[in-house]
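Colleague: I have just opened this structure and would like to know what the words used for it rest on. Could you take me through them?

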Amino acid sequence: MTFIMVEMEIQMVIMPLDISRKLFGKRMKNPLILASGVLGVAKAGLESVAENGAGAVTTKSLSLEPRRGHESPVIIETECGLLNAVGYSNPGIEGVISEFTGWKRDEPLIVSIVGKDEKEFAQLAARLEQNKKTLNCTAIELALSCPHTPGYGVMAGQADPKAAEKITRAVRSETRLPIIAKLSPSVPGEVEAAKLAERAGASAINMGNSLGPGMRIDINRGRPVLGFRMGGMSGPAIRPIAVRCVYDIYDAVNIPVIGTGGVNTGQDAIEMMMAGASFAGVGSAVYFRGPGAFRKIEGEMRAWMKERGYKRLDDLVGVAHE
Ligand SMILES: Cc1cc2nc3c(=O)[nH]c(=O)nc-3n(C[C@H](O)[C@H](O)[C@H](O)COP(=O)(O)O)c2cc1C
């Protein structure tokens with residue numbers, strides 16, 4: 001007995017704190033993933049955030065054809081987060097394939113795609129499958145859940161369980177790349193959507209997108225502030241909702257969950273993991289805490305874990321369920 005206790009104590013002292021992760025076989029230095037869209041589509045922006053501590057990065061969501069997106073202003077700060085209605089402005093899949101060819105960094109690259117229906121999603125997936133070696137991408141993320149772009153996501157019913165299943169299945173038939181289904185906290189049925197996406201071939205669930213749509217009104221002009229009038233809420237205000245969704249989905253699926261929504265500090269990331277996330281998505285924090293956000297969050301996670309004697313992330317995942 002004494003021998004076992006001494007051995008445990010020795011392990012506590014000599015076992016280094018390990019917060020690395022594997023995403024579909026690729027090593028991540030930490031469990032923090034840059035969420036789609038927050039840093040746009042330029043490769044340099046994603047390289048810089050990877051250099052500054054992100055464990056993996058996600059591109060802006062790409063459509064088949066270039067899109068201008070919504071009228072400005074497309075993003076505003078509120079008391080407790082951001083409200084955005086970018087409207088998927090992007091140069092289209094071909095533009096991004098040439099921009100990202102030869103992703104050389106070790107941090108996994110996730111390519112996010114968005115289509116009007118399952119056919120468009122499948123076409124996008126086929127192009128990525130054809131280019132996966134030169135792109136060096138680790139996974140495809142399906143943006144099923146934007147709350148403020150007509151014809152896409154929530155406004156096209158894509159976050160509903162049956163639609164999520166149909167789109168995931170269509171993408172699965174075109175690619176062997178791992179698929180991440182990104183769901184919405186804005187519509188009921190997220191647990192069913194996660195289960196059906198898993199059944200259709202998703203390799204992970206990202207829960208989730210911005211919440212809404214919401215609106216701010218400029219009382220001096222008497223007009224909505226955003227160009228599109230309404231937008232998706234992100235940042236600290238939505239974290240309790242994201243945490244609850246992750247908690248429920250963790251119980252329902254056997255694939256990893258990425259917990260996204262309001263992760264601003266290391267403690268927030270730990271809360272997501274206790275709810276059941278294996279990874280934490282980080283978006284608005286880059287806006288609030290600057291380019292060093294990932295390093296700061298990682299540092300806070302490490303300090304918290306060290307203080308409490310945690311050595312591995314897996315000891316945190318899902319503990320709120322026990
Ligand atoms: C400016 C901005 C642009 C975004 N663009 C996309 C996008 O293109 N595709 C997508 O799936 N999510 C997009 N999102 C949603 C984020 O990826 C993330 O899911 C959401 O902001 C919640 O995380 P956060 O609270 O950490 O920001 C965007 C969010 C913001 C703030």
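Modeller: Gladly! Let's begin with residue classes: Ala, Val, Leu, Ile, Met, Phe, Trp, Tyr, Cys and Pro count as nonpolar, Asp, Glu, Lys and Arg as charged, and the others, Gly among them, as polar. By those classes, the lining of the largest cavity has four nonpolar, four polar and one charged residues. This is a predicted model, where local features need pLDDT of at least 70 and side-chain atom pairs pLDDT 80 or more, while totals for chains, interfaces and linings use all residues. Residues are numbered from 1 along each chain as its sequence is written, and side-chain values use heavy atoms, leaving out hydrogens and water.

Colleague: What makes a space a cavity and not a pocket?

Modeller: On a 1 Å grid over the protein atoms alone, a cavity is a set of points where a 1.4 Å probe fits but cannot get out, whereas a pocket is an open set with protein on both sides within 12 Å along at least five of seven lines; lining residues have an atom within 4 Å of a point. The whole structure holds one cavity of 30 Å³ or more. The largest cavity has a volume of about 40 Å³, counted as the space filled by probe spheres set on grid points joined across faces, edges and corners. Its lining includes Ile33, Glu141 and Gly281. Strands β3 (32-34) and β15 (257-260) each give at least two lining residues; strands (E, at least two residues) and helices (H or I, at least four) are DSSP runs numbered from the N terminus.

Colleague: Which residues lie nearest the centre of the largest pocket?

Modeller: Ser36, Gly37, Val38, Asn84 and Asn209 do, out of 38 lining residues. That pocket has about 600 Å³ of space. Helix α10 gives the largest share of its lining, four residues. By class, the lining has 16 nonpolar, 19 polar and three charged residues.

Colleague: How do you know where the ligand sits?

Modeller: The ligand takes up the space of the largest pocket; a molecule sits in a pocket if more than half of its atoms lie within 2 Å of the grid points. Around the ligand are 22 residues, each with a heavy atom within 4 Å of it. Among the closest are Ser61 and Gly235.

Colleague: What is the geometry of the peptide bond from serine 72 to proline 73?

Modeller: That bond is cis, with omega near -10 degrees. Proline 73 is in the loop between β4 (56-58) and β5 (75-78). Glycine 212 and proline 213 are also joined by a cis bond, with omega about 10 degrees. Most peptide bonds are trans.
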